[in-house]
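Please look at the sequence and the structure together while reading.

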Amino acid sequence: MGKILIAEDEQPIADLIRLSLKTAGHTCDWAPDGEAAADLLTTPAYDLVLLDVMLPRIDGFALMDYIRPLEIPVIFLTARSAVSDRVRGLRMGADDYMVKPFDVDELLARVETVLRRYHKTGETIALAGLVADPRARRVWRDGQEIALTPKEYDLLLLFLRNPNAALYRDTIYERVWGGELAYGSKTVDLHIQRLRKKVGWDGVLLAVNKVGYRLEVSP
């Protein structure tokens, strides 16, 4: 079960989410505004943040700049349903985006999906011929450990956690390096070439024309 921060200014909604998560076995803290959420994020690590976009003091989009370096998964909860807002949230690094009003059972299912994706119970990830330990930041193929640089390992985890998803170069750069990818930069491509060679992902980590890259994994 996970330790979850609920950043939501509407207390009735926060109370409903907190009760549902606790019933499912999770532990929860509540922050009624962005400043309180930032303060709580300085305490021992959370496994997930449920983040309202329209928070007082510091809004959810601004708070993402603070959360991203902490490598904590985020699900946005918001009344803003415009496609542009969803795209903005996901490109900023959020793992999911739910529009209010939402069904609590669906929220619980999405929480469990994100927690499993990030293996917050400390489990290893076995996928695409590799076994990775996210907490120890180690990876093996056929029992042999593979030495990776910190950025290569961050790339590895990004693809392992998003199998069969086409990831834009801009998104990859933002999630691994932070900031915006400079026009014409080959940083992402060069690092992926090295990663592909080191871990034996030829024919597995594929280029997607005019998009970026996809880790192709059989069902």
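Which residues does Leu-55 touch, not counting residues up to four places away in sequence? The model considered here is predicted. In it, Leu-55 touches Ala-7, Glu-8, Asp-9, Pro-32, Asp-33, Gly-34 and Gly-60, with residues up to four places away in sequence left out.

## Two buried loop residues

Leu-55 sits in the loop between strand E3 (48-52) and helix H3 (60-67). Its relative accessibility is 7%, so Leu-55 counts as buried, the cut-off being under 20%. Between Leu-55 and His-26 there are 23 Å in space, C-alpha to C-alpha, and the two are 29 residues apart in sequence.

Lys-100 is placed in the loop between strand E5 (96-99) and helix H5 (104-117). Lys-100 counts as buried because its relative accessibility is 14%. The side chains of Lys-100 and Glu-8 make a polar contact at 2.7 Å. When neighbours within four places in sequence are left aside, the contacts of Lys-100 are Glu-8, Glu-10, Ile-13, Asp-52, Leu-77, Thr-78 and Ala-79. Glu-8 is also among the residues that Leu-55 touches.

Strands of a sheet pair through backbone hydrogen bonds, either parallel or antiparallel.

Strand E7 (residues 130-133) and strand E8 (residues 138-141) run antiparallel and are joined by three bridges. Within this pair, Val-131 has Trp-140 of E8 as its bridge partner, and Asp-133 stands opposite Arg-138 of E8. The two strands form a hairpin with four residues between them, and in the turn Arg-137 has a positive phi of about 55°.

E8 also pairs with strand E9 (residues 144-145), in the antiparallel sense and over two bridges. Here Arg-141 has Gln-144 of E9 as its bridge partner. The hairpin of E8 and E9 has two residues between the strands, and Asp-142 takes a positive phi near 50°.

## The three-stranded sheet

A further open sheet consists of three strands in the order E10-E12-E11, with antiparallel pairing. Strand E10 (167-168) and strand E11 (205-208) are its edge strands, and each pairs on one side only.

Four bridges connect E11 with strand E12 (residues 212-215), and the sense of the pairing is antiparallel. Val-208 stands opposite Gly-212 of E12.

How many of the 11 residues of H6 are buried? Nine are, so H6 is largely enclosed by the rest of the structure. The buried residues of H6 are Glu-152, Tyr-153, Asp-154, Leu-155, Leu-156, Leu-157, Leu-158, Phe-159 and Leu-160.

## Helix packing around H8

Helix H6 (residues 150-160) and helix H8 (residues 187-199) have axes that come within 10 Å and cross at roughly 80°. The two helices are therefore roughly perpendicular to each other. On the H6 side the contact is made by Lys-151, Glu-152, Leu-155, Leu-156 and Phe-159, and on the H8 side by His-191, Ile-192, Arg-194, Leu-195, Lys-198 and Val-199. By class, the residues in the contact of H6 with H8 are six nonpolar, one polar and four charged.

The contact of H7 with H8 has four nonpolar, one polar and two charged residues.

Terms used
Residues are numbered from 1 along each chain as its sequence is written. This is a predicted model: local features need pLDDT of at least 70, side-chain atom pairs count only at pLDDT 80 or more; totals for chains, interfaces and linings use all residues. Side-chain values use heavy atoms; hydrogens and water are left out. Axes are lines fitted to C-alpha atoms, for helices over the stretch in contact, and angles run from 0 to 180 degrees between N-to-C directions. Angles under 35 degrees count as roughly parallel, over 145 as roughly antiparallel, 65 to 115 as roughly perpendicular and the rest as oblique. Contact means heavy atoms within 4.5 Å. Ala, Val, Leu, Ile, Met, Phe, Trp, Tyr, Cys and Pro count as nonpolar, Asp, Glu, Lys and Arg as charged, and the others, Gly among them, as polar. Two strands pair if DSSP finds at least two bridges between them. Buried means under 20% relative accessible area, exposed over 50%, partly exposed in between (1.4 Å probe, protein chains only). A polar contact is a pair of N or O atoms within 3.5 Å; within protein, one must be able to donate a hydrogen and the other to accept it, and residues adjacent in sequence count only if both atoms are side-chain atoms.
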